[in-house]
Amino acid sequence: DLSDVLFLATPNVVENIPSALLDRMELVTLDGYTEDDKVAIARDYLLPRQLDRAALTADEVHVTDEALREVAANYTREPGVRQFERLLARALRKAATNVESGKSEAPVTIDEPDLKDYLGRARFTPESEERTAVPGVATGLAVTGMGGDVLFIEANRTDAGQGKGGLQLTGQLGDVMKESAQIALSYVRAHAAQLGIDPRNLDGTIHVHVPAGAVPKDGPSAGITMVTALASMATGRKVRAEVGMTGEVT
């Protein structure tokens, strides 16, 4: 009897669920683990389990909290810890092999600088400073299926004599985000004098791009980041690399 069957589905992103199906579901939202959560889980549960599977003891191989934090931050991008555990297992297997072959002597300590030897280069590196090194690029904060991430907004313009002018948007933006871009441009134009902007710097076609064009993006919270990117472009001043923004502009 199908009336006695309870189906449990575990998607990562709500936006990808068809609306007709979503209407028939009861949602239970569980947040992904933070970096601190992952380090604690790895130290207390994953590391002892993988040490046992690699036939090692805690006295033979020690992994520092700094190394665990580096794996969580720059080697994985996930809401859970599955990939984290796989990488931990790989590092411990290599440590066991090195001890067995005589390449290393127990006890072995795996610290953050040692990860390159055990796991290779980090897959993800902080890029805010590099991306915001030119005027017109600002860093926003985004909600994702993995908790959150940074989102870059890039603004540029063509001279008034080229093209028909107006606002051009790219990067798989939803309707709300498109409206945010229009509001941001109107805001910057209305407050040009206050922001120290020559109004002529807002003539021509203004192009706002949000990278990762294959990933749909929507929501009002990019408004402040768009204002900052446009103001940066119009003034020629770079945005501070260590600042991330989120919030709507009205």
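**Figure 1. Helices and strands of the predicted model.** The protein contains nine helices and six strands; both are DSSP runs numbered from the N terminus, helices (H or I) having at least four residues and strands (E) at least two. This is a predicted model, in which local features need pLDDT of at least 70 and side-chain atom pairs count only at pLDDT 80 or more, whereas totals for chains, interfaces and linings use all residues. Residues are numbered from 1 along each chain as its sequence is written, and side-chain values use heavy atoms, with hydrogens and water left out.

Figure 2. Along the principal axes, the C-alpha atoms fill a box of roughly 70 × 60 × 30 Å. Contacts (heavy atoms within 4.5 Å) with a separation of 6 or more are made up, to 74%, by residues 24 or more positions apart. There are 26 positive and 37 negative side chains, with the centres of the two sets 7 Å apart. Lys and Arg count as positive and Asp and Glu as negative, while His and the chain ends are not counted; the place of a charge is NZ of Lys, CZ of Arg, CG of Asp or CD of Glu.

Figure 3. Helix H9 spans residues 223–235 and includes Thr225. Thr225 counts as buried because its relative accessibility is 1%; buried means under 20% relative accessible area, exposed over 50% and partly exposed in between (1.4 Å probe, protein chains only). Beyond its neighbours within four places in sequence, Thr225 is in contact with Ala138, Thr139, Gly140, Ile153 and Met245. Towards Met245, the side chain of Thr225 reaches the backbone oxygen at 3.4 Å.

Figure 4. Thr109 belongs to strand S2, residues 108–110, and is partly exposed at 44% relative accessibility. Its contacts, apart from neighbours within four places in sequence, are with His62, Thr64 and Asp114. Thr109 and Ala67, 42 residues apart in sequence, have their C-alpha atoms 10.0 Å apart.

**Figure 5. Position of Glu179 in helix H7.** Glu179 lies in helix H7, which covers residues 175–190. With a relative accessible area of 48%, Glu179 is partly exposed. Glu179 and Gly219 are separated by 40 residues in sequence and by 9.6 Å in space, C-alpha to C-alpha.

Definitions and conventions: A polar contact is a pair of N or O atoms within 3.5 Å; within protein, one must be able to donate a hydrogen and the other to accept it, and residues adjacent in sequence count only if both atoms are side-chain atoms.
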